[in-house]
Amino acid sequence: MKKGIIIITIIIVAMLVGFYIYRSTLSPDFNKFQLDNYFSTLEDGNKFMGSVAVMKEGEIVYSKTVGFSDYENKTKADENTKYRIGSTTKTFTAVLTLKAVEEGKLSLEDKLDKFYPRIKNAKDIKIEYLLNHRSGIYSVTSEPNFLDWRTEDKTRDEILTIIRNGESQFAPNSKAYYSNSNFILLTRILEKVYGKTFNEILKEKITEPLQLSNTYLDDTIDTSKKESKSYKYIADWSVEPETSISIPLGAGGMVSTTIDLVKFVKALFGGEILNQETLKKMKNIQDTVGLGIFEIDVNGKIAYEHPGTIDGFRANYIYIPEDDLIYTFATNGLNFKDRDIQKTVLDAMYNKPFKIPEFGPTYDVTSEELDQYLGLYSSPDVPKWLKITIGKNGNILTAQGTMQDLFPATAIDKHTFRIGAIGAKFEFKPEENKIIWEQNGKTSVWTKE
């Protein structure tokens with residue numbers, strides 16, 4: 001009798017476990033209608049212009065594009081609209097570097113002084129340290145006046161001089177420090193060892209074999225080629241200045257589409273570009289950083305990504321090996337938190353409930369009322385160099401951190417504002433010249449200087 005009870009109990013437990021596993025896996029019948037409605041709501045609320053795509057087990061199961069590629073001329077974006085992908089470019093550059101290693105043109109053990117001996121610590125910096133940001137090399141984008149000259153074309157020698165003149169941030173391989181200079185140098189090293197331009201190498205090794213016709217290192221944005229401009233939202237969408245691609249090169253200068261990105265990620269992690277031994281090296285993670293990729297946690301599962309930002313563009317891919325799921329994202333106008341979009345799409349794929357956002361209520365405020373808030377604010381809760389400048393554009397409040405983008409803030413109550421793009425909410429205390437800032441579950445106090 002007891003044996004029979006035990007067997008029945010095991011069967012029931014097995015059924016419950018089986019149900020749990022089923023509920024935790026990807027749903028073949030996600031709510032596409034509600035997800036479409038989600039993106040329509042973002043578009044109608046001027047929160048997002050861009051594209052997402054999801055591939056499951058080699059098949060594209062969802063793709064959505066909203067907004068304009070050229071807002072001034074009201075040119076609607078579509079599946080083939082190309083977006084600058086910023087630092088997501090680095091994964092492509094890393095793959096090309098590792099391909100050069102496979103072909104015997106480079107070694108991960110090669111030292112930088114073989115190519116650029118005048119860079120500080122060059123004799124101690126391996127090619128591998130450029131790939132995983134453990135070189136200590138100063139990042140050109142850390143230049144105090146970078147935002148002032150980023151739109152100007154720079155010669156290779158000019159950029160190299162900036163890199164060479166920068167102080168080393170630490171001894172090579174002692175820690176990780178994200179530096180765009182690493183991948184600018186890798187771009188030039190690749191061109192040296194192959195005797196070809198970066199675009200020629202990219203085409204030969206990746207885009208032509210994989211038929212990625214919408215992916216390449218960009219030049220000046222050309223809307224006639226379905227390349228999108230980028231925008232910020234302050235009362236309305238306004239075009240962003242265009243960074244000269246002569247600066248980032250293979251660190252952040254490529255354009256692509258979300259469809260091309262899913263195909264690239266599938267081929268990369270599926271072993272179609274690099275061999276398995278090389279791919280294993282690429283996924284050797286130190287301090288969450290691999291070779292041109294980052295490791296993250298998505299709902300308790302290991303995943304890989306590389307987000308990118310340039311001007312008003314944002315991009316990313318996320319690959320979840322356990323479920324053979326790839327999510328890609330590209331935007332040329334964002335007035336919302338990109339990680340919230342990511343979470344919503346992935347929740348939909350796993351058949352989890354998600355809400356359609358409501359963008360309200362708002363609070364009417366005049367330009368004159370905003371004057372009491374204007375100024376420079378600092379906080380003991382952050383590094384001393386980081387300050388927030390509060391400004392205005394008409395009756396729209398703006399906030400900009402040191403060396404960061406300018407964001408419009410929406411008034412939601414007297415003295416209270418939110419910035420949807422970064423998930424921040426803050427309240428002014430005018431009589432105390434203070435701001436109470438809430439973001440990512442943390443609160444900080446800022447005082448006007």
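## Helix packing

Contact here means heavy atoms within 4.5 Å, and the structure to which this criterion is applied is a predicted model.

Two packed helices are described by the angle between their axes and the distance between the axes. For helix α2, residues 32-44, and helix α11, residues 338-349, the axes come within 11 Å and cross at roughly 165 degrees. Since angles over 145 degrees count as roughly antiparallel, α2 and α11 are therefore roughly antiparallel to each other, and the crossing in which α2 passes α11 is right-handed.

## Nonpolar cores

The largest nonpolar core comprises 73 residues, of which L112, F264 and M282 touch the most other members. Helix α9, residues 258-269, supplies the largest share of this core, with eight residues.

When residues up to four places away in sequence are not counted, M282 touches T91, A94, V95, L98, L268, L274, G290, L291 and I293.

## Barrel

Eight strands form a closed barrel in the order β15-β16-β17-β18-β19-β20-β21-β22, and their pairing is antiparallel. From one strand to the next, the twist averages 35 degrees.

Note on methods
Residues numbered from 1 in each chain as written. Predicted model: local features only at pLDDT ≥ 70, side-chain atom pairs only at ≥ 80, totals over all residues. Heavy atoms only, no water. Pairing = 2+ DSSP bridges. Helix = DSSP H or I, 4+ residues; strand = E, 2+ residues; numbered from the N terminus. Axes fitted to C-alpha atoms, helices over the stretch in contact; angles between N-to-C directions. Core = buried A, V, L, I, M, F, W, Y, C linked by side-chain atoms within 4.5 Å. Buried < 20%, exposed > 50% of the residue type's maximum accessible area, 1.4 Å probe, protein only. Parallel < 35°, antiparallel > 145°, perpendicular 65-115°, else oblique. Left-handed = near helix turned anticlockwise from the far one by under 90°.
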